[in-house]
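Biologist: Please show me the model. I would like to go through it by question and answer.

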Amino acid sequence: MSASATQPLTRAALVEAPDDLDELIEFFHARRWSDGLPIVPPTRERVARMLSGTARKPEEVIAKIAPGFGEATVERIAINAVMAGCRVDYLPLLIAATQAMAEPQFNLQGIQATTNPVAVWLLVNGPIAEQLGVNGGMNCLGQGTVANATLGRALRLILQNIGGALPGDMDRATHGQPGKFSFCCAENEAQSPWDALHVERGYKRNQSTVTVIAAAGTHNLNTHADNADELIKVIADTMAFPASNDYWIGGEPWLVLGPQHAAILAAGGLSKLDVKRRLWEESKLSAGRMCAKEVLRTQSTRGAALGTITSETMLTVAQQAEDIGIVVAGGPGTHTVYVASFGDARAVTREVLTA
């Protein structure tokens, strides 16, 4: 059997691989073409079928992926989509996500090579979320949904196989995190009291988008606060921890508000922007809670904007309130998820073009 593999050529090379599935999986593992889990063999037939999901030419270069700056052609994206177990109609979303990651403000070079446990989080909005079955409800950040699992996994394989970020080599993560296997969900737009993320970012409600976010991890906020003021206080207090990249850089932290918490905030008369502004003010962190070296780093990164930073300086989690990201997702329950950011990266949204 011949299996396609990514090579520094316009079209992917054909590699002779074992016919036995177990042997083939070990063949891919040995060459570090997998994420450690079994893969779907990317045969010529499977890759051709995947390519039928787009009208774009296989050799078209979508982006160059840091840190190795391999060319992410449509074909190479399709190969990794096959390996991850994606359906054919997922390909346009992966193409859009690949484009988004290469935008300078996303800082993919830093994300791919850092010691931080940062993962690329795919957030899907618009009609395509329902069309592809991307889960934005119960257990949306967990297992059990094919679209969430395979889209997130395919993106990780693209980052590794095309971008060259192999663990222990150019990927220097001290610990990493489970989100580096797969991190993908939709927004629960039907249960949000506010405009969805893509509308907030200037897209029409009926447009389909994917947003790439540099996520340093997830933190569960289980609070039974039953009014907006209490809920804001609890969330803000949780955001303020001194080992956060967001405070010494002025980052882009995210909140995945459970529908129950979002409803409480909206019932309190708060718009999404109101929530951001309240959190920005109430999550301020005293620089004195940092170690001395972090105070010096903060002076270097934020001194121009904040002036002299002392142990008394109150630091904001982001440079401006609007930089706090808020989406509504998940199912019933008194839970919200705080997603601290890599800090030196900004999310990018792209429309998913299916034609």
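Biologist: Where is the place of D171?

Modeller: First, the ground rules: this is a predicted model, local features need pLDDT of at least 70, side-chain atom pairs count only at pLDDT 80 or more, and totals for chains, interfaces and linings use all residues. Residues are numbered from 1 along each chain as its sequence is written, and side-chain values use heavy atoms, with hydrogens and water left out. Helices (H or I, at least four residues) and strands (E, at least two) are DSSP runs, numbered from the N terminus. D171 sits in the loop between α7 and β6.

Biologist: Is D171 buried or exposed?

Modeller: Buried means under 20% relative accessible area, exposed over 50%, and partly exposed in between (1.4 Å probe, protein chains only). D171 has 7% relative accessibility, so D171 counts as buried.

Biologist: Which residues does D171 touch, not counting residues up to four places away in sequence?

Modeller: Contact means heavy atoms within 4.5 Å. By contact, the partners of D171 beyond four places in sequence are Q112, T114, A165, L166 and K180.

Biologist: What is the relative accessible area of K180?

Modeller: K180 also lies in the loop between α7 and β6 (184–186). Leaving aside neighbours within four places, K180 is in contact with V118, A119, R156, D171 and A173. K180 is buried, and its relative accessible area is 15%.

Biologist: Which residues of α7 meet α3?

Modeller: From α3 come I77, N80, A81, M83 and A84. Their partners in α7 are T150, R153, A154, L157, I158 and N161.

Biologist: How many residues of that α3 and α7 contact are nonpolar?

Modeller: Ala, Val, Leu, Ile, Met, Phe, Trp, Tyr, Cys and Pro count as nonpolar, Asp, Glu, Lys and Arg as charged, and the others, Gly among them, as polar. The contact has 1 charged and 3 polar residues, and the nonpolar ones number 7.

Biologist: How are α2 and α3 set: roughly perpendicular or oblique to each other?

Modeller: The axes of α2 (residues 44–51) and α3 come within 9 Å. They cross at roughly 115°. The two helices are therefore roughly perpendicular.

Biologist: Which residues of α3 make the contact with α2?

Modeller: On the α2 side are R46, V47, M50 and L51. By class, the contact has 8 nonpolar, no polar and 2 charged residues. The α3 side consists of V74, E75, A78, I79, A81 and V82.

Biologist: Which residues touch the most other members of the largest nonpolar core?

Modeller: A nonpolar core is a set of buried Ala, Val, Leu, Ile, Met, Phe, Trp, Tyr and Cys residues joined through side-chain atoms within 4.5 Å. The largest has 62 residues. Those that touch the most other members are L93, M101, F106, I111, L122, L151 and V212.

Biologist: How many residues are in the second, separate core?

Modeller: This core includes L231, L270, L285 and I326. Its residues number 36.

Terms used
Axes fitted to C-alpha atoms, helices over the stretch in contact; angles between N-to-C directions. Parallel < 35°, antiparallel > 145°, perpendicular 65-115°, else oblique.
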